[in-house]
Structures are given as C-alpha cells and as structure tokens.
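Here is a short walk through the side chains of this model, with the cut-offs spelled out as they come up. Have the coordinates open and follow along.

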Amino acid sequence: MTNSHSIKITMSSPEEIGKAIQKQRKAQKITQKEFAQHLGKSERTIQKYESGEILMKIDVLKQIANELNVPWQELLSPEDNNIPKDNTTTEYPAYEFHTMSDVINALFAITELTDFSFELTNTKPPENTEWTAGIKVNGKGNGKYDADFCLFMENWITKKNMLQTGKISKEKFDSWKSDMLAYYKDSRLDNEADSKTE
C-alpha cells in the first residue's frame with residue numbers, strides 16, 4: 001500500500017485535556033480531594049491528570065467524563081479548536097486501496113497485531129439467514145488495547161449514525177476523527193507504550 005497526501009490536524013495534548021477536566025471540576029465546585037474519592041483514585045493522581053503528567057487511557061477519560069456528567073469527547077477538544085497552535089500539528093497519512101488485494105493485505109497486517117485479541121467471524125446459509133464476515137475484538141480480552149478498541153468502535157458507530165441522520169455535520173465528524181487520531185497517537189503497539197500511560 002502506498003501513502004497519499006497527508007492531513008494536518010490540531011492536537012489535544014494531555015495538558016489541554018487536563019485543563020478541560022479541571023475547568024469542568026471547578027465549575028461544579030468539586031475539590032480535587034472529593035473528585036478523587038468519587039473516582040476511587042488518590043488526590044495526587046487527580047493532580048497528575050489535571051497537569052497533563054499522565055496520558056489517560058480512553059476508559060479512564062470516559063469514567064471522569066461520566067463523573068462530571070459531560071460527553072467524554074468534550075474533554076478532548078480545546079475550546080479554541082479553530083485557532084492554530086504552534087508545534088501542535090502532526091500528519092497522519094491516508095491509505096490508498098486500489099485492489100481487493102490491498103484490502104486483504106491490510107486485514108492480514110491488522111490481525112497479526114498482538115496487542116488486540118482479534119477473532120475472525122463468519123455466518124453463512126443454511127446455518128444462518130445472513131451471510132456476513134468480520135473481525136471481532138473482545139473488550140474483556142487479554143489484548144492490551146481490547147477495551148480501548150471497543151470503546152472507540154462504540155463511539156464511532158454513534159458518530160457515524162449521527163452523521164448519516166444529519167445530527168452532526170461532516171465538519172464535526174472530521175473534527176472528532178482528528179481528535180481520535182491525536183488522542184491515540186502515543187498508544188504504542190508491541191509493548192512500546194509510554195511508561196506514564198495509565
């Protein structure tokens with residue numbers, strides 16, 4: 001597969017996410033100590049979240065958002081999202097698929113990753129009324145990113161449905177896509193994850 005033109009996106013850094021959490025917490029007049037107790041974390045951990053010292057996994061961010069009663073995506077997007085920031089853009093290559101072979105080759109590569117517990121699925125007549133094929137990940141599996149993958153897919157399906165029904169614009173969808181790429185950019189595969197990840 002070859003790379004085509006690249007897309008530049010605005011990144012939400014751990015510091016920006018931390019500031020968004022802190023802003024929501026203070027707006028609700030919750031102390032760090034109280035917030036820590038609600039989440040079952042130490043006060044020092046909350047301080048690290050809010051200062052950007054810890055790169056949170058998506059399930060932790062979702063737990064925090066639930067406690068603050070805000071959509072977790074809101075914590076990923078800085079308020080000044082449309083203002084360019086120095087040194088906060090990166091490029092993600094788009095992929096070109098010209099033949100069925102390109103698609104199959106990508107599937108082979110994806111399912112060989114060891115940080116996900118991929119399972120190939122297939123239903124066909126006469127055993128089943130539908131003829132389907134897919135790749136399944138168990139969110140409670142042993143792969144390092146199984147839960148993150150399932151949470152992402154859950155959100156992706158929701159966003160896609162919102163786009164198709166006109167509840168969000170293509171620009172909003174593309175912005176969400178950019179946020180997701182930026183959020184997961186440091187989630188290294190093959191045990192290369194940053195030691196600060198929690």
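## A buried lysine without a partner

Lys 159 is buried yet has no salt bridge. Buried here means under 20% relative accessible area, exposed means over 50%, and partly exposed is in between, using a 1.4 Å probe and protein chains only. A salt bridge is a side-chain nitrogen of Lys or Arg within 4 Å of a carboxyl oxygen of Asp or Glu. For Lys 159, the nearest side chain of opposite charge is Asp 179, 8.1 Å away. On charges, Lys and Arg count as positive and Asp and Glu as negative, while His and the chain ends are not counted.

So what does Lys 159 touch, not counting residues up to four places away in sequence? Gln 73, Ile 168, Phe 173 and Trp 176, where contact means heavy atoms within 4.5 Å. Lys 159 itself is found in helix H6, residues 146-164. Helices are DSSP runs of H or I with at least four residues, numbered from the N terminus.

## What you're looking at

This is a predicted model, where local features need pLDDT of at least 70 and side-chain atom pairs count only at pLDDT 80 or more, while totals for chains, interfaces and linings use all residues. Residues are numbered from 1 along each chain as its sequence is written, and side-chain values use heavy atoms, with hydrogens and water left out.

Helix H3 (residues 43-51) has Thr 45, Ile 46, Tyr 49 and Glu 50 buried. They sit on the same side of H3, because they cover an arc of only 135 degrees around the axis, taken from the directions from the helix axis to the C-beta atoms. The cover over these buried residues includes H1, helix H2 (32-39) and helix H4 (58-68).

Arg 25, in helix H1 (residues 14-27), is another buried one, at 5% relative accessible area. Leaving aside neighbours within four places in sequence, Arg 25 is in contact with Glu 50, and also with Ile 30, Thr 31, Gln 32, Phe 35 and Leu 68.

## Salt bridges

The model has 7 salt bridges by the rule above. One of them pairs Lys 57 with Asp 148, with the closest N and O atoms 3.8 Å apart. Lys 57 lies in the loop between H3 and H4 and Asp 148 in helix H6, so this pair ties together parts that are 91 residues apart in sequence. Lys 57 is partly exposed at 25%, whereas Asp 148 is buried at 5%.

Glu 53 and Arg 44 also meet, at 3.5 Å from N to O.

## A greasy patch

Which residues make the nonpolar surface patch of about 980 Å²? Tyr 95, Phe 97, Met 100, Val 103, Ile 104, Leu 107, Phe 108, Ile 110, Leu 120 and Ile 135. Patch members have over 30% relative accessible area and no salt bridge, and nonpolar side chains (Val, Leu, Ile, Met, Phe, Trp, Tyr) are joined within 5 Å, like charges within 9 Å. Areas come from the Shrake-Rupley method with a 1.4 Å probe, and for residues only the protein chains shown count as cover.

Helix H5 (residues 100-111) brings the largest share of the patch, 6 residues. Phe 108 lies in H5 and counts as exposed, at 52% relative accessibility.

Key
Helix = DSSP H or I, 4+ residues; strand = E, 2+ residues; numbered from the N terminus.
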